[in-house]
Amino acid sequence: MADTLNLAADPVELTAALVDVPSVSGNEAELADLVERSLRAQTALEVVRLGNCVLARTDLGRAKRVVLAGHLDTVPVNDNLPSRLDGDLLYGLGTCDMKGGDAVMLNLAATVTDPVHDLTFVFYDCEEVEAVRNGLNFVERDLPEWLKADLAIVCEPSNAVIEAGCQGTMRIEVRTKGVRAHTARGWMGVNAIHAIGEALRRLESYQPRQVDIDGCLYREGLQAVKIEGGVAGNVVPDAAVLTVNHRFAPDRSPEQAEQHLREVFEGFEVTVTDMSAGALPGLHTEAAQELVQAAGGTPVAKLGWTDVARFAALGIPAVNFGPGDPLLAHTQQEHVPVNDVRRCREVLWRFLSRG
């Protein structure tokens, strides 16, 4: 492995170089070392290291600051390393999620020499695992000033289209209780699995909202994702648990989403097991409008949860904008179109550079 990367190279070449350094969650040190050394070679940037997070920024006294963020980790290897170029598609673990976006960020760090706005680049670890390990948590705790900005761009795959904000997500458990009995004398018990049927009927007839915010259409969802119950093949079960996932538009807070689910499942015992707030699009801000103009086209809603929500929680408008189709993330055939990588670099260079 080279001591440093040529950050001014074609971002497609940079993507391949990043992919060829394995960085499964928890094992990002080698790639973080390479990124750190490469950024320190850019003398105009202040660079700091926090664990396996690498941060770099300009300090030019500009009126506004833009943060560009991308995670360095990937899901486990699935016979999809090293990278390989097949026509206009670059294959390999992380090409889409999200080393193509990281490569664009690194190229911009080297080539935007006279930025319109001051820039902060955040490369972080452990995004693909439990949220408590996400490197952004530790940046926010130990280096909070590094996350202050007028706009955050998370370079997650978005088909090279601006995906604004993100949905919130919540998981609940719907529980029923019964009375055990021998199935030969089933009338002496109460079947908790049968009792869960009413909750399933409510799900089947549920009509999710579609909400337009800043011209972006967010489609909500409510889906059963797991059901548990049963004691033995000859016992009437006395407990059953239905796990439900709710994706809600960012005009609702987690508290409002929880209240809505309690209304849907009125009469059942409901326990919230996980929740994350969404992020409003924030497209009305001046910096976001400049980005939209540079990108052309029409921004769309992010149907999913990403780290833009972390920035939104800090009061920073945030969007997703990166190369690749998010539907390919985590698949064995993960790949990124080379044109996506180059388009994202071109759009962001046009947005950020005075040249």
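**Entry 1. Terms and overall view**

I take helices (H or I, at least four residues) and strands (E, at least two) as DSSP runs, numbered from the N terminus. The model I am reading is predicted. I looked up the secondary structure and found 10 helices and 19 strands in the protein. I then noted the extent of the C-alpha atoms, which fill a box of roughly 80 × 45 × 40 Å along the principal axes. Of the 355 residues, 53% count as buried. I also looked at contacts with a sequence separation of 6 or more, and residues 24 or more positions apart account for 78% of them.

**Entry 2. The loop between S7 and S8**

I looked for positive phi values in this loop. Asn 159 lies between strand S7 (151-154) and strand S8 (163-164). Its phi is positive, at about 60°, although Asn 159 is not a glycine. Ala 160 is placed in the loop between S7 and S8 as well, and its phi is near 60°, again a positive value in a residue other than glycine.

Is Asn 159 buried, partly exposed or exposed? I read a relative accessible area of 37% for Asn 159, so I record it as partly exposed. For Ala 160 the relative accessible area is 2%, so I record this residue as buried.

**Entry 3. Cis peptide bonds**

A cis peptide bond joins Leu 81 and Pro 82, with omega at about 0°. I located Pro 82 in the loop between strand S3 (65-71) and strand S4 (84-86). The bond from Asp 97 to Met 98 is cis too, and its omega is near -5°. Met 98 is in a helix, namely H3.

**Entry 4. Helix H1 against H3**

I describe a packed pair by the angle between the axes and the distance between them. The axes of H1 and H3 come within 8 Å and cross at roughly 125°. What orientation does this give the two helices? Angles of 65 to 115 degrees count as roughly perpendicular and those over 145 as roughly antiparallel; H1 and H3 are therefore oblique to each other. I noted the crossing of H1 and H3 as right-handed. On the H1 side, the contact uses Pro 11, Leu 14, Thr 15, Leu 18 and Val 19. On the H3 side I listed Thr 95, Lys 99, Gly 100, Asp 102, Ala 103, Leu 106 and Asn 107. Sorted by class, the contact of H1 with H3 has 6 nonpolar, 4 polar and 2 charged residues.

**Entry 5. Helix H1 against H10**

I next followed H1 (residues 11-19) to H10 (residues 338-352), where the axes come within 9 Å and cross at roughly 115°. H1 and H10 are therefore roughly perpendicular to each other. The crossing of H1 and H10 is right-handed. From H1, Pro 11, Val 12 and Thr 15 meet Val 338, Val 341, Arg 342 and Arg 345 of H10. By class, I recorded 4 nonpolar, 1 polar and 2 charged residues in the contact of H1 with H10.

**Entry 6. Nonpolar cores**

Nonpolar side chains tend to be buried together in soluble globular proteins, and I looked up where this model gathers them. Which residues touch the most other members of the largest nonpolar core? Leu 39, Ile 153 and Leu 348 do, in a core of 61 residues. Helix H3 (residues 95-111) supplies the largest share of this core, 8 residues.

A second, separate core has 21 residues, including Tyr 124, Leu 136, Val 139 and Ala 279.

I placed Thr 243 in strand S15 (residues 239-248). Thr 243 is buried, with a relative accessible area of 10%. Not counting residues up to four places away in sequence, Thr 243 touches Arg 171, Ile 172, Glu 173, Gln 223, Ala 224, Val 225 and Lys 226.

Pro 250 is found in the loop between S15 and helix H7 (254-264). I read a relative accessible area of 9% for Pro 250, so it is buried. How far apart are the C-alpha atoms of Pro 250 and Gly 168? The separation is 6.1 Å, across 82 residues of chain. Apart from neighbours within four places in sequence, I found Pro 250 in contact with Cys 166, Ile 213, Tyr 218, Gly 278, Ala 279 and Leu 280.

Definitions and conventions. Residues are numbered from 1 along each chain as its sequence is written. This is a predicted model: local features need pLDDT of at least 70, side-chain atom pairs count only at pLDDT 80 or more; totals for chains, interfaces and linings use all residues. Side-chain values use heavy atoms; hydrogens and water are left out. Axes are lines fitted to C-alpha atoms, for helices over the stretch in contact, and angles run from 0 to 180 degrees between N-to-C directions. Angles under 35 degrees count as roughly parallel, over 145 as roughly antiparallel, 65 to 115 as roughly perpendicular and the rest as oblique. A crossing is left-handed if the near helix is turned anticlockwise from the far one by less than a right angle, and right-handed if clockwise. Contact means heavy atoms within 4.5 Å. Ala, Val, Leu, Ile, Met, Phe, Trp, Tyr, Cys and Pro count as nonpolar, Asp, Glu, Lys and Arg as charged, and the others, Gly among them, as polar. A nonpolar core is a set of buried Ala, Val, Leu, Ile, Met, Phe, Trp, Tyr and Cys residues joined through side-chain atoms within 4.5 Å. Buried means under 20% relative accessible area, exposed over 50%, partly exposed in between (1.4 Å probe, protein chains only).
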